Every structure is written in C-alpha cells, then in structure tokens.
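User: I've got a model open and want a quick tour. Can we go through it piece by piece?

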Amino acid sequence: MTIDYNKLSVRIHLDNLRHNFRLYKKLHDNVIPVIKSDAYGHGLAEVCRALEPEGATTFAAGFVPEAAKLRETGCTARILALLGPVDDGDIELLFKHDVLAAISHLDQLKRVAAAAEQNGPLDIGLKFDTGMRRLGFRPDELDAAIDVIRGSRLNPVMATSHLASADVPEHRANVEGQIAAFQAMVDRLADAGYPVEANIANSAGALVFERCRMDSLRQGITLYGGNPFDGTELESLGREFLPAMEVTAPVMQVHDLKKGESISYGWTYTAEHDSTVAIIGVGYADNYSRKLSNAGEMLIHGKRAPIRGRICMQMTAVDVTGHMSEGLAVAPGDRAFLLGGPGPDAITPKELAGWWGTIDYEVFCLLGMNRRVYT
Ligand SMILES: *Cc1c(COP(=O)(O)O)cnc(C)c1O
C-alpha cells in the first residue's frame, strides 16, 4: 500500500506526537487517540506503540479490519472501530480480534446480536446521531435499540457521537445543542439499566467546551500537530501543538531559466528575470497534488523556494534564484522540504493545505502514504 517507487521521505517525530498527547492528558485522564486511516498517515502500529506507554488505554481505528489489523500488531489496549461493521466478515472480526465497534443502526445491531448468540458475549458501543446526520441512532430509535440489546448477549459499554462544527467558533450554539442532545440519550440509556462511558469530544470540542469532555475524549488532528482553530479568533488555543510529520524530496538538477523562458508542461510559467530553478523529485504520483502548480512553496536550506509551472507526475520545479544570490547554493542531492523543515520558515501543515486547496487532515493522509521513517 505504501508508495515505494519514489525518492520521497516522510519523517514522523514521535516525540512531538507524545507532546501533543500529553497536552490533552492535562485536560482529561481518559484520552482516546484517533488512529483511523493509518493514524492520519502517521502509521497505525507506530503511533499506538508510542502512546501506550503514555497512558492511552483505548485507540479509535476506522473500519473494523483496521482495528483488527492493529490488534494483530500486538496492541493489547482496547480498540474501538469508529466505523462499525459493514458486512459479515467485519462482524466475525469483532469476536476474533476483540474489537469494540460503534453500532449505529438497528439492522446492524440485530445482525451483531444474532452473531453474539453463537459467539458472544460481546461488548459494543452505541453511536448516536446528534446532528452530524451521517451515522447513528436518532433519539426516537433508542428504545428500539434498547429492546434488541435487552434480549441479547450484547453488552453496551460506550456511547459516542460526533460534533459537526466544533472548530467553527460561531457555531457555539450548535455544538452546545449536540452536547445536550447526546447527554439526554446517554441518560436514557443509563435509566434503562445501561450506564456507559460517554464521549462526544473531538480535538476542537475538547479544547473549547468543558461540558463535552464527559467520560473520555477523542483526540485526532491535534495529536498530529494540526491546529483546528487556525485562522480563527481561537487560534491561540492550538498554538502549542507540534507537527509530527516532515516530508522531503531530493534535488535532481539545478539550472538557469533565462528571462522569457517557460518551464514544465503547458509552459504555464515564464521567467520575468534571469533566474535559477531546481528540479525536485516529487510529483502528483507521490500524492503531492497537481493543484500546487504555480502555487506552493518548498523549503531548501531554510529558505522558501516557490513552485514554478505545473507539478508533473514525479517532478516539480522550484525557483532558487534567491538562494544562489545569498550564498545558499542548491545542488543535486540536497533535500527540499515539502512539509516542515528547520528554522522559522518551516512549512506548516496549514500553509501546505491552503496552497493545495484542502485541509491538513488530507495533506497528512495523502503524504503519509509514502515511505516513512521514525525518530
Ligand atoms: C476522525 C474522528 C475524530 C477525530 O477528529 P479530530 O477533528 O481529528 O480531532 C473523532 N471522532 C470521530 C467519530 C471521528 O471520525
């Protein structure tokens, strides 16, 4: 699955990840690292191994097979599959690999209950839809769910729900509405004889809304150093998180681009002055988006180098004219940082996402599919 035909290197700084986790441990004793989608591109097994000694006792994977895969790496913590079983194979894995799945609708619950008759008992989580409108039981479906559980070998141990816009400061009232709706459903479940661990907070919610911290928190993007409030009035809340991912690619060739000369496919960039360009060995085949054409920047020897012309499949040209005139000679074999880098001009996840036209989550997931090294 790893992209292995290239010269890209993704470095994961596990010490930064641990730092980011500890910041949340100060907020709450029970922090659940969200490690779905290969830990947002940072590596499922490696991230779990780094955080178990820090006191993480539950990890939140995505689909059930990802949770099972984590179990097979030797992880002994509780493993939650945020995305519950979608077929019979998934249901089998719950029993075989001791996975706690978030069950979100009645048909799924009945199928899991039927499987538990043979293989049970089984701990489950219940997912409540409090406004996201993707997955989950609605309030008017809760009684029917409780009826199924009552006659079954299922043992509900967790209730969960997801906030739609906790990272939007103006949506405060919506978030509070979701929290209240969730609390009401959790209370009904408890009244029916099922007191469970309740969690609704994601990274953004946990930082702002004390009320949503409940029995546990789910920490995703801030674990990896993203600031959910970048560019908002709450930006300072996420100031202390340190990006864990750095990405580099090699300089392949350096040459002049004279005034009036154009470069790369379609000749979409023409030099306005005599200049120098470096050809970097990275392109859209490495998940470095073509949307960065004439838009993004890289960091070479601590100085920014703007992208010139179109991103190609495995190559990208950057302008290093300023480097040459400042004595920061760029030569084949040097490494260009696409993300991160040393010094004050390091490329932040937010910046790269901005040039790319996306969010840091997608940048991490996509670039993280390249070969990784850990420090
Ligand atoms: C991805 C996810 C999270 C983590 O969200 P962040 O914004 O990255 O903190 C939490 N809960 C659920 C259900 C998710 O799918």
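User: How are H11 and H12 arranged relative to each other, roughly parallel or roughly perpendicular?
Analyst: This is a predicted model. In it, the axes of H11 (residues 349–356) and H12 (residues 360–367) cross at roughly 95°. Angles of 65 to 115 degrees count as roughly perpendicular, so H11 and H12 are roughly perpendicular to each other. Their axes come within 8 Å.

User: Which residues in H11 and H12 meet?
Analyst: On the H11 side, Pro349, Leu352, Ala353 and Trp356. They meet Asp360, Val363, Phe364, Leu366 and Leu367 of H12.

User: And how does that contact of H11 with H12 split by class?
Analyst: Eight residues are nonpolar, one is charged and none is polar.

User: Switching topic. What surrounds the ligand?
Analyst: Val34, Lys36, Tyr40, Leu82, Lys127, His162, Asn202, Ser203, Arg218, Gly220, Ile221 and Tyr361.

User: Which polar side-chain atoms lie by a nitrogen atom of the ligand, and at what distance?
Analyst: Arg218 has one 2.8 Å from a ligand nitrogen. His162 has one 3.4 Å from a ligand nitrogen.

User: What about an oxygen atom of the ligand?
Analyst: That is where Tyr40 comes in: a polar side-chain atom of Tyr40 lies 2.6 Å from a ligand oxygen.

User: How much of the ligand's accessible area does the protein cover?
Analyst: On its own, the ligand has 390 Å² of accessible area, and the protein covers 92% of that.

User: Back to helices. At what angle do H6 and H7 pack?
Analyst: About 5°, with the axes 10 Å apart. H6 spans residues 106–119 and H7 spans residues 142–150. Angles under 35 degrees count as roughly parallel, so H6 and H7 are roughly parallel to each other.

User: Who meets whom between H6 and H7?
Analyst: Leu106, Leu109, Lys110 and Ala113 are the H6 residues. Their partners in H7 are Ala144, Ala145, Val148 and Ile149. By class, that contact has seven nonpolar residues, one charged and no polar.

User: Now the backbone. Where is the cis peptide bond?
Analyst: Between Gly120 and Pro121, with omega about 0°. Pro121 sits in the loop between H6 and strand S6 (122–127). Most peptide bonds are trans.

User: What is phi of Ser37, and where does that residue sit?
Analyst: Phi of Ser37 is near 50°, a positive value in a residue other than glycine. Ser37 is in helix H2 (residues 36–41). Most residues other than glycine have a negative phi.

Conventions:
Residues numbered from 1 in each chain as written. Predicted model: local features only at pLDDT ≥ 70, side-chain atom pairs only at ≥ 80, totals over all residues. Heavy atoms only, no water. Axes fitted to C-alpha atoms, helices over the stretch in contact; angles between N-to-C directions. Helix = DSSP H or I, 4+ residues; strand = E, 2+ residues; numbered from the N terminus. Parallel < 35°, antiparallel > 145°, perpendicular 65-115°, else oblique. Contact = heavy atoms within 4.5 Å. Nonpolar A, V, L, I, M, F, W, Y, C, P; charged D, E, K, R; others polar. Near = heavy atom within 4 Å. Polar contact = N/O pair within 3.5 Å; in protein donor to acceptor, adjacent residues only side chain to side chain. Areas by Shrake-Rupley, 256 points an atom, 1.4 Å probe, with all protein chains shown as cover.
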